[in-house]
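Okay, thanks for coming, everyone. I'd like to walk you through a few local features of one model, so let me put it on the screen.

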Amino acid sequence: MSGTHQLAVGWAVRFRGEPPTPDALRRHVRARLADLPTLTHHVEEGRGPRPCFVPGPELDLRQHVRGLPVTDPRERWQDCLQDVLMRPLPAAPHPPWDLWLMHGYTGTTRPPEYVLVFRIHHALEDGAGHHYVLRTLFTPSVAAQKSPGVQGTSPSADGVGRVSSRAVLGIMGDIARSLRGSGSWSMLSRPPTGKLATAVGTVETRRLLAVSRALGTDVSAVFLTALTGAMRAVALAEGERPAPLTLLWPLSVRTGGERGAVGNFLTMVRLRLPCEEPLPLRRLASFSRQLEPGRVERRMHTSRALMRLAPRPVSLGTLRLLMRPRHASLTGTYFPAAVPQPVLGEARMDGALGLGAPLPGQLCHLTLLRYRAECTLSVVHDTAFDRGADLPGLWLTALADLEAVV
């Protein structure tokens, strides 16, 4: 599945039931807009050292919420994503987001269902922001709440966080490594083509929970351990000697009051994938050290404090250095989605996946999204890294290898 590269991120969900009309979907979105400021703003550059979020004109939801009938049957609902990836986001002055209603892919022999694909420019929203949009749109009753407002990329003064000297040293170390490069593999150092493709794999949530409990760890560590095995298999298939690989692991520094605020509230942690290690349990031990809860918590609190207290050019410059493609060849994230009884009309949501985007200069982004009984790994990769299409299958194989040693 391929499309033109743009920094568009979001989610795709499946509903079981008859699809609404595009006009009915637009009415539903408009009824929730008061609680969704990311859908009414766009980014305006050149007003200072950080992006400026300004309200767009009166929303014409025909520019943002669109129907896309799928005339040929698809084996899986995830196979519909290719039809959307090829399309650009709405251009300024319209806010850069869209919501696609896709149906017809089941043919006439299966019960009706449809897919909604939401995309938004990454400057306006991070993963926690996507989750807020998902909950707000599809939770049956939205409790009265204070509008999340427009707070930009800096956390509010509330809950600034504690500065840890160890976390500061960790941030400085990551910046130093970004300046000298990460020693990326040759297949991940190719110039991007600008064309993206996606690959998807699914696994039962209970499998991931069972192996994490048996090994005394969490789903994030299991995900990364299997990903390391998958990347090791890629290297071997390419005839290369597996070497350590660096991955960016986003951490949200939002507080509860910032759940729907406009902008990115992220810091990045550099993780080392020990692809040279053939034994799954040794790979897992590496991530248990790197993702030790105290270390992660210190990094989050310290990053939040620095973003709030440091001069904006310093805090934003630090974040840009941490996100340099020379710093890490891949970006990966795990997100558990909690959406209570999501419905749209009479239809109920029963499938979800996250849509990431490679950072400029990177070739691959991986998202593991947990929704109820199923976890879905979605890989968005530049076509210059054609092995990205193999990663879901290789990841499932590596997960089975880890299960076999429990």
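Let's start with helix α3, residues 127-138, which has twelve residues and reaches 17 Å from its first C-alpha to its last, close to the 16 Å expected at 1.5 Å a residue. That expected span is 1.5 Å times one less than the number of residues. On naming, helices (H or I, at least four residues) and strands (E, at least two) are DSSP runs, numbered from the N terminus.

Before I go on, the housekeeping. This is a predicted model, so local features need pLDDT of at least 70 and side-chain atom pairs count only at pLDDT 80 or more, while totals for chains, interfaces and linings use all residues. Residues are numbered from 1 along each chain as its sequence is written, and side-chain values use heavy atoms, with hydrogens and water left out.

Back to α3. How many of its twelve residues are buried? Nine, so it's mostly covered, where buried means under 20% relative accessible area, exposed over 50%, and partly exposed in between (1.4 Å probe, protein chains only). Among those buried are Gly129, His130, His131 and Tyr132. The covering elements include β2 (8-16), α1 (22-32), β7 (113-121) and β13 (347-355); contact here means heavy atoms within 4.5 Å.

At the N-terminal end, Asp126 caps α3, with a side-chain oxygen 3.2 Å from the backbone nitrogen of Ala128. Further along α3 you'll find Thr136, which is buried at a relative accessible area of 5%. And what does its side chain reach? The backbone oxygen of Tyr132, at 2.8 Å. For those polar contacts, I'm using a pair of N or O atoms within 3.5 Å; within protein, one must be able to donate a hydrogen and the other to accept it, and residues adjacent in sequence count only if both atoms are side-chain atoms.

Next, a helix pair. Helix α6 (residues 219-237) and helix α10 (residues 391-404) pack at about 120°, axes 8 Å apart. Axes are lines fitted to C-alpha atoms, for helices over the stretch in contact, and angles run from 0 to 180 degrees between N-to-C directions. The residues that meet include Val222, Phe223 and Leu227 in α6, and Leu391, Leu394 and Trp395 in α10. By class, that contact has 14 nonpolar, two polar and no charged residues. Here Ala, Val, Leu, Ile, Met, Phe, Trp, Tyr, Cys and Pro count as nonpolar, Asp, Glu, Lys and Arg as charged, and the others, Gly among them, as polar.

As for α6 itself, 16 of its 19 residues are buried, so it's largely enclosed by the rest of the structure. After α6 comes Gly239, with a positive phi near 75°.

Most residues other than glycine have a negative phi, and most peptide bonds are trans. Well, Ala92 and Pro93 are joined by a cis peptide bond, omega about 10°, and Pro93 is in the loop between α2 (82-85) and β6 (97-103).

Then there's Gln341, not a glycine, yet its phi is positive, about 45°. Gln341 is found in the loop between β11 and β12, and at 52% relative accessibility it counts as exposed. Arg372 also has a positive phi, near 55°, in the loop between β14 (364-371) and β15 (374-382). Is Arg372 exposed or partly exposed? Partly exposed, at 49% relative accessibility.
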